[in-house]
2 protein chains.
Amino acid sequence: MSTLRYALLAALHAGPLTGYEIVQRMRRPIGYYWTAQQSQIYPELARMTADGLIDHDVAAGPGPHDRKIHRLTAAGRAELAQWLVQPPQRRPPKDELVLKTYALAAADREAMRALYRAEAQKHRRRLDDYLAQQAQAEAQGHDDPANPKFGAYATLRMGVAAERTMLDWCEWLVLRLER
Amino acid sequence: MSTLRYALLAALHAGPLTGYEIVQRMRRPIGYYWTAQQSQIYPELARMTADGLIDHDVAAGPGPHDRKIHRLTAAGRAELAQWLVQPPQRRPPKDELVLKTYALAAADREAMRALYRAEAQKHRRRLDDYLAQQAQAEAQGHDDPANPKFGAYATLRMGVAAERTMLDWCEWLVLRLER
DNA sequence: CCCTGCTATGTCACTTCTGAAATAAACTAT
DNA sequence: ATAGTTTATTTCAGAAGTGACATAGCAGGG
């Protein structure tokens with residue numbers, strides 16, 4: 001089973017969603033650490049339905065197709081629970097900025113410094129955004145492990161930590177590249 | 001041009017290498033933040049040669065094929081320099097452990113706690129390894145921006161920071177999931 | 001009334017990436 | 001001797017992922 005499948009099972013773990021809603025969630029709460037295009041999601045949902053991991057209610061949709069509200073079956077829930085406790089397979093992170101850094105010596109130093117300054121700003125903005133979301137989640141008690149939204153809160157915390165790490169690293173480079 | 005192409009140009013920026021040596025480097029110094037299989041690397045090197053970005057000397061190899069020592073051409077070096085200073089395209093990070101965390105509520109709590117404890121240990125080990133490499137690099141003066149190996153040192157520093165972030169996060173979860 | 005944007009699903013061509021196998025010389029350890 | 005590992009390149013089938021397009025109802029602003 002592909003990781004995409006598990007990502008979709010994970011998306012549905014807290015309640016039924018339409019394919020469209022999953023696409024939206026792949027941008028923010030799950031999307032901090034997983035993404036998929038709708039062109040991947042819709043066919044995969046169909047295959048998972050065929051395999052009995054999910055099923056759906058049908059409702060009249062706005063466009064030419066029916067709205068499908070997907071929900072985990074017992075088999076899907078079992079498959080998810082079993083996968084969750086398995087050690088994750090390490091897929092090495094890919095980051096273009098760090099890759100560029102490796103060959104930094106082959107570019108103009110001042111231009112690279114400007115690049116890190118610009119990236120730092122992007123990370124600062126994203127950090128502020130995540131921090132605001134985190135404060136809101138805490139105000140709603142999501143930081144309690146007994147709360148069903150604790151999982152989403154924990155991934156958000158990872159987002160905050162990762163942004164802070166990137167920001168610090170970019171700022172370190174800006175300082176270090178000073179002539 | 002695909003990012004793989006730029007990764008290969010970056011790999012060659014400091015001097016000529018064989019395809020095999022690039023495969024090795026994709027595990028450690030570059031590999032902290034970029035990876036590719038040899039089945040991607042060899043055909044891409046051939047295409048890049050056809051496009052005039054790299055060329056190579058030929059030497060007798062151990063196996064049935066000749067050894068090819070690849071080197072950037074002027075065109076390749078120009079292409080690399082131009083790409084380096086361009087803002088990186090954000091490809092969202094994918095991490096199975098964080099994805100699992102999102103659906104944490106669907107699994108047994110003690111089993112999840114054990115998972116984070118095991119992951120914390122992996123990160124602690126990797127952190128120690130990177131830290132040792134970092135100390136060695138500093139002893140050799142790679143932390144000076146004027147040193148040609150400064151780029152590799154900076155990526156290693158990112159590796160250290162990222163491992164520390166993941167370790168802290170895992171330990172936070174172990175504590176938080178205490179009953 | 002028209003245009004834009006949002007909801008909602010589905011499809012296609014294409015690129016990228018993974019995993020495995022084939023080949024064979026040279027070196028290392030038993 | 002011989003067994004196993006490392007060096008080194010090439011190729012292939014298949015899986016995963018990207019980007020763009022098609023369809024169409026409904027809401028809101030100008």
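Reader: Before we start, what makes a helix crossing left-handed?

Author: A crossing is left-handed if the near helix is turned anticlockwise from the far one by less than a right angle. Keep that in mind as we look at this model, which is a predicted one.

Reader: Happy to. Where can I see such a crossing, and at what angle do the axes cross?

Author: In general, two packed helices are described by the angle between their axes and the distance between the axes. Take helix α1 (residues 3-11) of chain B and helix α4 (residues 74-84) of chain B: their axes come within 10 Å and cross at roughly 110 degrees. Angles of 65 to 115 degrees count as roughly perpendicular, so that is how α1(B) and α4(B) stand to each other. Their crossing is left-handed. On the α1(B) side the contact is made by Tyr6(B), Leu9(B) and Ala10(B), and on the α4(B) side by Gly76(B), Glu79(B), Leu80(B) and Trp83(B).

Reader: How many residues of α1(B) are buried?

Author: Nine of the nine, so α1(B) is largely enclosed by the rest of the structure. Among them are Thr3(B), Arg5(B) and Tyr6(B).

Reader: Let me turn to chain A. Which residues of α1(A) meet α3(A)?

Author: Here is a general idea to read it with: an α-helix has 3.6 residues a turn, so residues three or four places apart point the same way. In α1(A), the residues are Leu4(A), Arg5(A), Leu8(A) and Leu9(A); they meet Gln40(A), Ile41(A), Glu44(A), Leu45(A), Arg47(A) and Met48(A) in α3(A). Helix α1 (residues 3-11) and helix α3 (residues 38-50) of chain A pack at about 85 degrees, with their axes 10 Å apart, which makes the pair roughly perpendicular.

Reader: Now the core. Which residues touch the most other members?

Author: In soluble globular proteins, nonpolar side chains tend to be buried together. The largest nonpolar core here has 110 residues, and Trp169(A) and Trp169(B) touch the most other members. Leaving aside neighbours within four places in sequence, Trp169(A) is in contact with Leu97(A), Val98(A), Thr101(A) and Tyr116(A), and also with Ala154(B), Arg157(B) and Met158(B) of chain B.

Reader: What rotation superposes chain B on chain A?

Author: A rotation of 180 degrees, with 0.0 Å of shift along its axis and an RMSD of 0.0 Å. That is the relation of a two-fold axis. The same surface serves both copies, as 100% of the contact residues of chain B recur in chain A.

Definitions and conventions
Residues numbered from 1 in each chain as written. Chains lettered and ligands numbered in written order. Predicted model: local features only at pLDDT ≥ 70, side-chain atom pairs only at ≥ 80, totals over all residues. Heavy atoms only, no water. Least-squares fit on C-alpha atoms with pLDDT ≥ 70 in both. Contact = heavy atoms within 4.5 Å. Core = buried A, V, L, I, M, F, W, Y, C linked by side-chain atoms within 4.5 Å. Buried < 20%, exposed > 50% of the residue type's maximum accessible area, 1.4 Å probe, protein only. Axes fitted to C-alpha atoms, helices over the stretch in contact; angles between N-to-C directions. Helix = DSSP H or I, 4+ residues; strand = E, 2+ residues; numbered from the N terminus. Parallel < 35°, antiparallel > 145°, perpendicular 65-115°, else oblique.
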